[in-house]
Amino acid sequence: MPTAEEKFVDVACWSCAAPVVHAQLFCASCGKVQPAHSGADYFEVFGLSRKLAIDTTSLEREFYRLSRRLHPDVYTRASEQEQNWSLRNASLLNDAYRTLKEPIARTEYFLRLEGVEIQEEGKQASDRKNPSRVPDDLLEEVFELNMQLEEMRMTRKTGDDDPDLRQDLLTAKQQFEAQLAETDNFIQQLWQERDEALASNFDFGDQIKQRMVAALDRRRYIRNLVRDVNETLDT
Amino acid sequence: MAEERVIGIDLGTTNSLVAFMYNERPIVIPGEDGLNLVPSVVALDVQTDPTARPTVVVGNGAHKSLMLFPDRAVYSVKRLMGRGAEDVQDELKLFPFRLADNIQSGEVLRIRLGEMEFTPPEISAYILRQLKRNAERYFGGTVTKAVITVPAYFNDAQRQATKDAGRMAGLDVLRLVNEPTAAALAYGLDREKEGIIAVYDLGGGTFDISILKLQDGIFEVIATNGDTHLGGDDIDNLLIALAIDDIRGDLGVDVRSSAEAIQAIRKAVIEAKIELSSADSSRLEVELPEGHHYCREITRVQLEALIKPVLERTIGPVRQALRDSGLTSEQIGEVVLVGGSTRIPAVRHVVDNLFQLAARGKKPHTELNPDEVVALGAAVQANILAGGSKATEDMLLLDVTPLSLGIEALGGVVAKIIDRNSTIPASSTEHFTTGVDGQTNVAIHVLQGERELAKDCRSLARFDLKGIPPMSAGLPRIEVRFLIDANGILHVSAREQRSGKQAEVEVKPTYGLTDEQVETMILESFDYAEEDFHVRQVIEARNEADTILAAVEKAPQHPAWQQLSAEERTEIARLDRELLGIKQGDNLPAIRQATEALDKATRRFAELMMDQAVSSAIQGETMESASTKLGQGPTAPHEIAPAEFK
């Protein structure tokens, strides 16, 4: 079986004709920026396999290293063509780093790469108008919270405050924040499961992905609740 | 030494500066008057000749006009950059901007200055051109490349307007750098700093807060926030309002409609404000028109109470930037103060409270002059872009976009496509389709801002995706790529994926100038025309002088010469020598004057020669030979009356 690198040796550097590995943004041999590969995914940009558990410290180090090679500042005096490639490649690098360094963005990106349909965080403008289904175990708490939020909004509309109710809402918020952290932990646990499954060629990837989607939905739902409390209390 | 000279420019609301890296250190290049700060004031010279095109004066020279002829001068024009008539209404109440009457919605503003009109980028271009000239005089050579700083919180339109201004001034703007980031670069040059710093930048008209991570020469901006309409100007306006109230109450005079009085008050309150940063009280004294005199004491305590609401407006953006960076104020290792307004003790107090500096045994950084630090940082970035030197070889700036980019979706809501605080360059690829069979156009509305509804965000541009191959509704798949470049400016490209056809993107920038418009406003071309005209006039005047000098040289050979008195001949000789000297120079009026003087002195000689020529004609010579003889004498530039035949 060819190694990942051999499989992708597909182009020659425009400048020195050395082979350029797929998704590589500059030539390893002469250092010149390469035409943008539209097909490169964010993991490939960093030379990573499609694993979810990432050491963000080394990701940052690599991001800085690549930035020094690709940033448009370095190409101010280069040809217009190289300037354009630098702009494209640097934006790809930045987009990749931004996505991979954040656990949730990384998980969502991974799922999309794997062809799983998900509701993307923040992208959907209708997000808050059309919240996803209430997770079953939260039904009661959510019902209670919405009652309290409505009451608080009415109180505040008249210019008043209700310290007891405020305290109740803050307590509820804390509980939801704890659940948010719990969900985050769970998502990271799913990363481990998936990365291990990949390593052992054990195929229950789809099942794990579905659990990830569910966890993300749950997270989004709780996050919106916390935001609602913050907005109502003006904190 | 870098290969080419790239200058760093701080184009400020109140003052502008130009700086350059010299021997590994950034230095500010002074103007002809020896001063580092060029006031961002542009004025039209008062013309004695109504037909001549007025001259534009910039800086300290224009300051005088501001006091004497307020309708011919403009300041704080940065507040109008990239903005439309509907978003400057508040500005117009506080600043003596006189807008042209017929500005359409979505159109670029035009400011009236005397009898002329200018767009804000043109006014800024005059300031930039002055800085460029200052640099050129300093170097003794041309400068064509520059880095210009902008407030970090400037939106796309404001950035584009600044870039346009640079082009009009004949500058290739290699990069727009955010002001707080530039300040961080200037400070970062000094020390091997690692860690998290915050830059609090309160200038004349804008406020920025940026949080950066410094590591191994990388300056990574983590979060930025601000208010592009908050600064020292606002403090001045509060003081002016106070004085106007006083004057009405005490003297019974309403000075609101007197631009001269307002400018006099403005000057006085700025002086008092500055004094109150070091003194506990100051005297506000203004001579008003019609012999009125206004005078009052103002204490620092009073000033602080008055400006508290202005200073508190900086707290929200700081908190938001901290939230966005995921850091608490205690995690901020160092705070850098930038902008003249940070000299105010009350501002330092706000900063101290925000970051608990004193409580942590820390002090904000003020070692570099807060008026100059941004320009110095611009020079550092200019040096990096010019190829770098030893001092900057490891430095790299990774900045962010201050505002989220979005597209208007169904129902007027905004779908975010690039979040604020994304490292730039940043991009996003979105897919669009058609809603009607055979539809060939799709309109896209791009916005910038954090609000959920399109009407509350800043409209950047409306794009028409044209030339989509006619297909059933929903079948075309148009891929649109939005790219924010390293200047924070948006670029858009589109492609219909099924046909692979490049869809045409027609950009209609809101409140922006088209490329063609910018082209017509380039000052340099106008400048050259101006210069060319002057050079041509000097050449013509020299030619005139040469003609008369040549004639005088031959004059003694002519019999008429003998008819002149000794005094007349001495006078002609004296004026001849004088003109010979003056015509070597470029002084057009002097050349003309000396030519005229010599011409006048030789007029009697010309007449005598003329008489002789005419009499020879009568003696049988032909007119032809007579005129040949005339040609040998000092004819031109004399106006010769038609010969009278007796």
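This is a predicted model: local features need pLDDT of at least 70, side-chain atom pairs count only at pLDDT 80 or more; totals for chains, interfaces and linings use all residues.
Asp41(A), Arg50(A), Glu114(A) and Lys209(A) are tied together by salt bridges into one network. Over all chains, the structure holds 40 salt bridges.

| Pair | N to O distance | Relative accessible area |
|---|---|---|
| Glu62(A) and Arg65(A) | 2.8 Å | Glu62(A) 22%, Arg65(A) 40% |
| Arg98(A) and Asp95(A) | 2.6 Å | Arg98(A) 22%, Asp95(A) 4% |
| Asp195(A) and Arg194(A) | 3.3 Å | Asp195(A) 8%, Arg194(A) 6% |

Glu62(A) and Arg65(A) sit three residues apart in helix α3 of chain A, about one turn of the helix. Glu62(A) counts as partly exposed because its relative accessibility is 22%, and Arg65(A) is partly exposed too, at 40%.

What about Asp195(A) and Arg194(A): buried or exposed? Asp195(A) is buried, at 8% relative accessibility, and Arg194(A) is buried as well, at 6%.

**Chain A as a whole**

Chain A is built from eight helices and two strands. Reading from the N terminus, the order of its elements is α-β-β-α-α-α-α-α-α-α. Of its 235 residues, 42% count as buried. The accessible surface of chain A is about 12,800 Å², with 48% of that belonging to carbon and sulfur atoms. When contacts between residues at least 6 apart in sequence are taken, 61% of those in chain A join residues at least 24 apart.

**Where the chains meet**

How much area do chain A and chain B bury between them? The figure is about 2,500 Å², and 49% of it lies on carbon and sulfur atoms. Chain A brings 23 residues to the contact, and chain B brings 35 residues.

Two salt bridges are found across the interface of chain A and chain B. In one salt bridge, the side chains of Glu60(A) and Lys213(B) meet at 2.4 Å, N to O.

On the side of chain A that touches chain B, α3 (56–70) and α4 (80–101) each supply at least two residues. The largest share, eight residues, comes from α4(A). By class, this side of chain A has ten charged, seven nonpolar and six polar residues.

**Chain B and some of its residues**

Chain B has 17 helices and 26 strands. Buried residues account for 54% of its 646 residues, and its accessible surface comes to about 28,700 Å², of which carbon and sulfur atoms hold 50%. Among contacts in chain B between residues at least 6 apart in sequence, 66% link residues at least 24 apart.

Most residues other than glycine have a negative phi, and most peptide bonds are trans. Ser76(B), although not a glycine, has a positive phi of about 55 degrees. Ser76(B) lies in the loop between β7 (73–75) and α2 (89–94) of chain B, and with 2% relative accessibility it counts as buried.

The loop between β20 (414–418) and β21 (426–432) of chain B holds Pro425(B), and the peptide bond from Ile424(B) to Pro425(B) is cis, with omega near 0 degrees. Asn421(B) is found in the loop between β20 and β21 as well. This residue has a positive phi of about 65 degrees without being a glycine, and Asn421(B) is buried, with a relative accessible area of 15%.

Asn23(B), in the loop between β2 (15–22) and β3 (25–28) of chain B, is exposed because its relative accessibility is 62%. Asn23(B) and Lys390(B) are 367 residues apart in sequence, yet 9.7 Å apart in space, C-alpha to C-alpha.

Finally, Glu122(B) belongs to helix α3 (residues 120–139) of chain B. Its relative accessible area is 14%, so Glu122(B) is buried. Beyond its neighbours within four places in sequence, Glu122(B) is in contact with Met168(B) and Met521(B).

Methods. Residues are numbered from 1 along each chain as its sequence is written. Chains are lettered from A and ligands numbered from 1 in the order in which they are written. Side-chain values use heavy atoms; hydrogens and water are left out. Contact means heavy atoms within 4.5 Å. Buried area is the accessible area (1.4 Å probe) that two parts lose on being put together, summed over both. Helices (H or I, at least four residues) and strands (E, at least two) are DSSP runs, numbered from the N terminus. Ala, Val, Leu, Ile, Met, Phe, Trp, Tyr, Cys and Pro count as nonpolar, Asp, Glu, Lys and Arg as charged, and the others, Gly among them, as polar. Buried means under 20% relative accessible area, exposed over 50%, partly exposed in between (1.4 Å probe, protein chains only). Accessible areas come from the Shrake-Rupley method with a 1.4 Å probe; for residues, only the protein chains shown count as cover.
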